[in-house]
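Please look through the sequence and the model shown here, and then read the report that follows.

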Amino acid sequence: MRRLSDRLTPVLLDLDGAFEDQTLLAAETLAAGGHQVTARDLGPALRLWSRPPALEALRERLRAGVQTSPSLVFTGSGDFHHVSPLLIERAIEASWSESVTVLHFDNHPDWVRFEDGMHCGSWVGTAARLPGVAKVVTVGVCSDDIAHPTAKGAHLDLADDGRLELYAYRAPDGGAAVRVGAAAWPTVESLGEEAFVDFLASRIETDAVYVTIDKDVLRPEDAATNWDQGRTSLRFLEAMLDRILAERRLIGADIVGDWSRPRYGGGAVAALLKQGEALLDQPWSPPAPQARQVNEGVNRRLLRLFVQVAA
Ligand SMILES: [Mn+2]
């Protein structure tokens, strides 16, 4: 049975205007007792990657704006996924949890090293080392980032320490498992989706769970992001969440992967570097406006799943 304490309060963290055309989501957020936190002034400096001063400014903004606990925070584009450790930190503090599993759905491992700040592809290392975090479990990756991870700067000592497990949807080499150091992590495809739900439940060893979802984990029919996307269907994502939320105590959640027109900042040099990086790493053409409308539907379904608002 779902415990009452597991109900989350929704918050729209406005860093990039991603929710401007998601008026139904905004209305349902209010109806569920939630609110919007304005932080668009901080968005450009935070987008893609961020130096410590901008992260500190956001931390302050969250301290004032995300007071209800537990919360479900929508944070806009996946370029802001490094906001998650700040939210996890707050959720652990507010729930007095001593041992939490971070369940991370994403098409990318987000495990790369990054000095002097955080990158949307680097936050997993920070999250896994937060006091109170037992383990990060990443699910659904299909990107090539997991092939030859050492060469790509991955934080693989996290895997050796048992603080990170990664279950790809499909391995880059098509094999049944992804091998990293001593670990061999089976893929969703090799187990089958139904069996994977049981397997995933068995890999979570704490009562407390924090969930972070990057909608780029979803197949292109089910979401339209500014990153390459995975093979997970919304239905499969919901099946995994239903199972885990039924068994565990949810201390908070966040959702990224909305589309917004990029604005980069943090200084002129940073803005140029970020622009160049986006050109190299992200698909060149943005999803069409009609395709982007699917995101609001996904957000609303996830809102209902986490918040259990009356339909
Ligand atoms: Mn991500």
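Cys 120 takes part in none, and the cysteine sulfur nearest to that of Cys 120 belongs to Cys 142, 18 Å away. Cys 142 is likewise in no disulfide. Cys 120 has a relative accessibility of 5% and counts as buried, and Cys 142 is also buried, with a relative accessible area of 18%. Here buried means under 20% relative accessible area, exposed over 50% and partly exposed in between, using a 1.4 Å probe and protein chains only.

This is a predicted model, in which local features need pLDDT of at least 70 and side-chain atom pairs count only at pLDDT 80 or more, while totals for chains, interfaces and linings use all residues. Residues are numbered from 1 along each chain as its sequence is written, and side-chain values use heavy atoms, with hydrogens and water left out.

## The manganese site

Which residues are the protein donors of the manganese ion? They are His 81 (ND1), Asp 106 (OD), Asp 110 (OD) and Asp 214 (OD), which lie 2.1 to 2.5 Å from the ion. Donors are N, O and S atoms within 2.8 Å of the metal (3.2 Å for Na, K and Ca), and sites may look incomplete because water is not among the atoms. Along the chain, the donors of the manganese ion follow the spacing H-x24-D-x3-D-x103-D.

Asp 110 lies in the loop between strand S5 (100-105) and strand S6 (118-119), whereas Asp 214 lies in strand S11 (residues 208-214), so this pair ties together parts that are 104 residues apart in sequence. Helices (H or I, at least four residues) and strands (E, at least two) are DSSP runs, numbered from the N terminus. Asp 110 is buried at 6% relative accessibility, and Asp 214 is buried with a relative accessible area of 3%.

Strand S1 (9-14) is mostly covered, for six of its six residues are buried. Both faces are covered, with Thr 9, Val 11 and Leu 13 buried on one side and Pro 10, Leu 12 and Asp 14 buried on the other.

S1 pairs with S4 in the parallel sense over four bridges, and Pro 10 stands opposite Leu 72 in S4. Two strands pair if DSSP finds at least two bridges between them. S1 also pairs in the parallel sense with strand S2 (residues 35-38), over four bridges, and Val 11 stands opposite His 35 in S2. From S1 the chain crosses through H1 to S2, and this β-α-β crossover is right-handed, a term used if, with the strands pointing away from the viewer, the path from the first strand over the helix to the second runs clockwise.

## Helix H11

Helix H11 (residues 289-307) has 19 residues and reaches 28 Å from its first C-alpha to its last, close to the 27 Å expected at 1.5 Å a residue. The expected span is 1.5 Å times one less than the number of residues. Among the buried residues of H11 are Arg 292, Asn 295, Leu 302 and Phe 306, and what covers the buried residues of H11 includes strand S1, helix H1 (23-31), strand S4 (71-76) and S11.

## Val 133

Val 133 lies in strand S7 (residues 133-139) and is buried, with a relative accessible area of 10%. Leaving aside neighbours within four places in sequence, Val 133 is in contact (heavy atoms within 4.5 Å) with residues including Ile 88, Val 100 and Ala 127.

Conventions:
Disulfide = S-S within 2.5 Å.
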